[in-house]
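Subject: Structure handover and findings

Hello,

Here is the structure for you to look over. My notes follow below it.

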Amino acid sequence: MWYLCVFYHRLLDYRRPEVESLAQLFGAFEDTQNDEVRYQLQWKLPPHHHPDSPFHFVNLPSEQVARNIANRSILVKGMYELWGEGGSYEELKDSVLSYPDERKLPYLDSDSTFKITVDCFGKVISLEEQKGLILGLSYVPFKGRVNLRNPDHNFWLIEVDNYGVNNGLPPIVQKRIFFGREVGGADRKLIPTYQLKSRTYLGPTAMDAEMAFLMANQALATSGKLVFDPFVGTGSILVAAAHFGAMTMGADIDIRVVRDGRGPDCNVWSNFKQYGLPMPVGLLRADNNLPPWRPELKEVFDAIICDPPYGVRAGGRKSGGRKLLKGAVEPYIVPDDKRTDHIPSTAPYSLVECVHDLLDRAAKMLVMRGRLVFFYPVLREDDFTENHFPEHPCFKLISSSEQILSSRYSRVLLTMVKTGPYTDEIAEAARIKHIEFKENHVKWLEDGNLHSAVFSPADAQVTEAGDSKFGKDPKPKYRGKYV
Amino acid sequence: MRLLTHNMLSSNVKGVANGFPLRIQAEKVMEKTVEMNGDFLKKMFEKIDWKALVDASQAMGYTELPEEADSSMLDLDDFLNRFHHALLEIHLEEGALICPETGRRFPVSKGIPNMLLHEDEV
């Protein structure tokens, strides 16, 4: 059945993938006849709507699935059973009247309570006007009592129109009015509860709460699953996974961050305690380049979620000193009496190597159909094609969602599903690649990092070309992905 | 550190062939109650090295686990409770994990095992 799916006007690229991930979690794809696994839903847009519009139609197998998706989603404002739509209030009336009575009457009977909300995209409708619009619905035979606090049934009258100015909103060419029954809606308290400014222990790259919850949804975090973050930091991503009931585990190379925090009540543990969430089942100090998992262990995590250090806000580190990996010095032999408190030196960890390691470990450690969800940076000068994303024979990329961070670079949330087993051949190829990275440490650091590309001034040619491009209209009216 | 984590870790010092299981040197052991999740336990049972879990729980002072176990025992509440307790409720707060081959000591402090290698072990 088709439902009207209305999104918050935020993170546009993340909206459909989130609904599709949750559809998977709530079993929307289970009716598939053949073995081919589906990850995508059928979508439609209202007539003349821009793909960035908050209004979409989505085909879901049942109202229960639609409700579950909407209630857990971060970006879905509401999911509605559409009773009618039209380009004018007359058309809407005809449309609602022709909607079958057997779909309508169960929600209109005298034993139930209801509420009608008038909503509008791109404009505010005064209370007086709203009252007029509600009274205009008298052709719907409401028999129940009104209850504004806690109604049994919520009805929505939603209007969109071309109001002349599109301050950051997608261009609308034609008025459209929707009337429907709410099936489910997002929990609006979730993000304010978890927002970072309420968090006791924060790091410079703590993941913002909304994004952390989106990542947990992409990873299908739920009760009984084990979720791992190899760059755990202050635990900001795992907090979201734990909220959804998953068991969490994290590792970080910086022991001060995971062990010490800023005191006994300000550390990774306290970030979970603060929200009454179960503590991570494991936190350890380990290097993503040389993870300490026992060799026989595989297919143990249901999802791996992380924000790898890609060298712009924070650089990655791995074991082995800088000079050691350049081949300038022999390894420092730690004297026996100093072994306990020795602080091993680390070397910069290039993005390419970091992502290579991440995909390889994830391919081994994830269960089949387990998900790897992580951010990957892209330079916006590049022609943006999917070929830029890292690949692995065990993984299928099912969604990529861009978030623009500056005029120079974006980050893209990649969601991959493990579709193939981790074979001996793949393990051997990864081992050879690991040695290659180690032997050519300096070359990879130069080629494989992003920091200079983001922070070095744009060269003269780009500036000249940029003048004509950005000079005219420094703040474009329609912001698209910027919102 | 819970024994679930212990069961997943090994010493990855260069040249070590059998870095698992790490021997536990317990200085401070704590028990923290965790809500039981049967599905999670059943899934983890398949991944766990049972002998290593039994030995580790004994090193932590818990001797209620049977020496042998198979998946049919997961239907017994009593077994599930013991497995749950050993896997998730016993914490090594202070102590160390010792590499069985080289004797390298990986310290555990404030419940966090420090598995980072020294320069000459990479």
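Which side chains meet in a salt bridge with 3.0 Å from N to O? They are those of A:Arg256 and A:Asp254. A salt bridge here is a side-chain nitrogen of Lys or Arg within 4 Å of a carboxyl oxygen of Asp or Glu. A:Arg256 is exposed at 56% relative accessibility. A:Asp254 is partly exposed at 22%. The cut-offs for these words: buried is under 20% relative accessible area, exposed is over 50%, and partly exposed lies in between (1.4 Å probe, protein chains only).

First, the ground rules. This is a predicted model, where local features need pLDDT of at least 70 and side-chain atom pairs count only at pLDDT 80 or more, while totals for chains, interfaces and linings use all residues. Residues are numbered from 1 along each chain as its sequence is written, chains are lettered from A and ligands numbered from 1 in the order in which they are written, and side-chain values use heavy atoms, with hydrogens and water left out.

Salt bridges

Over all chains, the search of the whole structure gives 23 salt bridges. One of them joins A:Glu159 and A:Lys175, at 4.0 Å from N to O. A:Glu159 sits in strand β7 (residues 153-160) of chain A, and A:Lys175 sits in the loop between β7 and β8 (176-185) of chain A, so the pair ties together parts 16 residues apart in sequence. Helices (H or I, at least four residues) and strands (E, at least two) are DSSP runs, numbered from the N terminus. A:Glu159 is buried, at 7% relative accessible area. A:Lys175 is partly exposed, at 26%.

Another bridge is formed by B:Lys110 and A:Asp260, at 3.3 Å from N to O. This pair crosses between chains. B:Lys110 is in the loop between β3 (105-109) and β4 (112-113) of chain B, and A:Asp260 is in helix α9 (residues 255-260) of chain A. Both ends are partly exposed: B:Lys110 has 41% relative accessibility, and A:Asp260 has 22%.

There is also a network. Salt bridges with shared partners join A:Glu63, A:Arg67, A:Glu81, A:Arg103 and A:Arg181.

Domains of chain A

Chain A is assigned domain 1 (2-186) and domain 2 (191-332 + 341-455). The bounds come from an automatic or database domain assignment. The domain centres, taken over C-alpha atoms, are 37 Å apart. In domain 1 of chain A, 16 residues are in contact (heavy atoms within 4.5 Å) with 27 residues of domain 2 of chain A.

The two domains of chain A bury about 1700 Å² between them, 59% of it on carbon and sulfur atoms. Buried area is the accessible area (1.4 Å probe) that two parts lose on being put together, summed over both. On the domain 1 side, A:Tyr14, A:Tyr39 and A:Arg72 lose the most area to domain 2 of chain A, together 39% of what that side buries. The count of salt bridges between the two domains of chain A is one. A:Arg10 and A:Glu210 form a salt bridge, with the closest N and O atoms 2.6 Å apart.

Aromatic rings

The count is 26 aromatic pairs over all chains. Rings of Phe, Tyr and Trp (its six-membered ring) pair if their centres lie within 6.5 Å; planes under 30 degrees apart are stacked, over 60 edge-to-face, and the rest tilted.

Why is the pair of B:Phe45 and B:Phe83 edge-to-face? The ring centres are 5.7 Å apart and the planes are at 90 degrees, so the pair gets that label. B:Phe45 is in helix α2 (residues 38-47) of chain B and B:Phe83 in helix α4 (residues 77-89) of chain B, so parts 38 residues apart in sequence are tied together. B:Phe45 is buried at 10% relative accessibility. B:Phe83 is buried at 0%.

B:Phe83 also pairs with B:Trp50. That pair is tilted, with 5.6 Å centre to centre and 50 degrees between the planes. B:Trp50 lies in helix α3 (residues 50-59) of chain B, so its pair with B:Phe83 ties together parts 33 residues apart in sequence. B:Trp50 is buried, at 11%.

In chain A, ring pairs link A:Trp83, A:Tyr99, A:Tyr107, A:Phe114, A:Phe142, A:Phe155 and A:Phe179 into a cluster. The charged end of A:Arg181 sits over the ring of A:Tyr107, 3.6 Å from its centre. The rule is NZ of Lys or CZ of Arg within 6 Å of the ring centre and within 35 degrees of the ring normal.

Best wishes
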